[in-house]
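Colleague: Can you walk me through a few features of this model? I'd like to learn how to read them as we go.

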Amino acid sequence: MAESYDKKSRILYVLKLLWEESDELHPVSAASLSKKLETYGIKCERRSIFHCFDMLEEFGFDIIRTNKGTYLGNRFLELPELKLLVDAVQSSKFITSKKSSELIDRLSGLSSIYDKKLLKNQVYVSGRVKTMNESIYYNIDAVSEAIADNLQITFQYLDWSPDKKMIPRHDGKLYEISPWCLVWERERYYMIGYDAAFAMMKHYRVDKMRRIETIDKKREGKSVYKSMDMSAYTIENFGMYAGRRQTVNLTADKNMAGVIIDRFGTDVWMHEAENGELSVSVEVSVSPQFFGWITAMGGKVRIAGPNDVKAEYYELLGKCMER
């Protein structure tokens with residue numbers, strides 16, 4: 001019985017060893033495979049190993065045989081493709097640092113042990129703002145299920161406080177929204193849904209949603225959603241900026257803490273002054289786009305220094321007024 005089991009499981013262990021310990025630069029010999037199989041309690045001659053190779057090829061695996069040994073050729077995902085996915089996971093803001101590590105470990109498992117080391121050491125994005133809400137994956141599932149079932153949802157929406165804690169907006173009031181789609185924009189997930197109370201479409205950061213529950217009400221706002229130009233909507237509602245890097249001091253209204261943290265992350269230097277305003281020091285890209293963001297705050301976020309940045313901002317505003 002044990003011998004029969006060995007014969008059935010032998011091919012699986014041969015595939016496991018080829019998958020984990022072979023690639024183009026590291027082919028394995030039949031003799032080395034035979035020794036490794038013994039560690040699993042399986043006795044296997046070279047001829048039987050070659051028979052396993054034949055069966056794997058018949059099943060569709062790319063078994064490459066060379067004078068130096070044998071290795072698994074084409075895989076489900078090649079190394080360059082895995083590198084792209086690892087880059088995307090590591091640099092995405094909506095994926096937490098913990099989940100990024102878990103996903104990269106799983107992606108690395110699709111390669112050999114040699115490529116796995118390369119993938120894990122491939123990329124580190126210094127200072128990348130990462131979401132702190134581990135429940136985002138459950139949130140995405142909950143919203144997706146509500147959309148599939150054509151039902152409305154309720155949830156609490158969170159804001160950042162000056163002490164960098166997320167607290168429910170409007171004292172924990174439940175939002176009642178008809179979800180229509182999920183959008184990944186500017187490295188964050190958003191839900192776009194219809195708010196019947198205001199008769200309009202709104203968007204919500206998925207990582208800021210909490211206690212999502214489906215309610216027994218059919219979604220509303222179908223005609224509004226059908227008439228939307230999604231490309232135009234995202235352009236109008238999501239912004240970004242880039243330019244010369246420089247440390248800038250800002251002052252802001254106390255209720256702008258969430259806006260500051262969303263833009264610069266929880267590591268931003270920020271404290272509440274005696275007059276109730278927020279003092280902030282950040283490294284930013286000083287450019288027309290950055291000044292545009294300041295202007296869009298409507299005076300609630302102001303440049304305190306340095307003077308050359310203030311002067312540059314005044315100059316830009318002057319040019320805008322002239323035009």
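Predicted model: local features only at pLDDT ≥ 70, side-chain atom pairs only at ≥ 80, totals over all residues.

Colleague: Is Arg205 buried or exposed?

Modeller: The cut-off for buried is under 20% relative accessible area. Arg205 comes out at 8%, so it's buried.

Colleague: And which residues does Arg205 touch?

Modeller: Leaving out anything up to four places away in sequence, Arg205 touches Tyr157, Arg188, Tyr189, Tyr190 and Asp262. Its side chain also makes a polar contact of 2.8 Å with the side chain of Asp207.

Colleague: What about Ile11: where is that one found?

Modeller: Ile11 is in helix α1, which covers residues 2-21. Its relative accessibility is 19%, and since buried means under 20%, Ile11 counts as buried. Beyond four places in sequence, Ile11 touches Cys52, Met55 and Leu56. Leu56 is 45 residues away along the chain, yet the two C-alpha atoms are separated by 7.8 Å.

Colleague: Now backbone angles. Which value does phi of Asn150 take?

Modeller: Phi of Asn150 is near 60°, a positive value in a residue other than glycine. Asn150 lies in the loop between α7 (136-149) and β3 (151-160), and it's partly exposed at 28%. His170 also has a positive phi, about 55°, without being a glycine. That residue is in the loop between β4 (166-168) and β5 (175-185), and at 52% relative accessibility it counts as exposed.

Colleague: What about the peptide bond from Gly305 to Pro306: cis or trans?

Modeller: Look at omega: here it's near 0°, and the bond is cis. Pro306 itself is in the loop between β12 (301-305) and α12 (307-322).

Terms used:
Residues numbered from 1 in each chain as written. Heavy atoms only, no water. Helix = DSSP H or I, 4+ residues; strand = E, 2+ residues; numbered from the N terminus. Buried < 20%, exposed > 50% of the residue type's maximum accessible area, 1.4 Å probe, protein only. Contact = heavy atoms within 4.5 Å. Polar contact = N/O pair within 3.5 Å; in protein donor to acceptor, adjacent residues only side chain to side chain.
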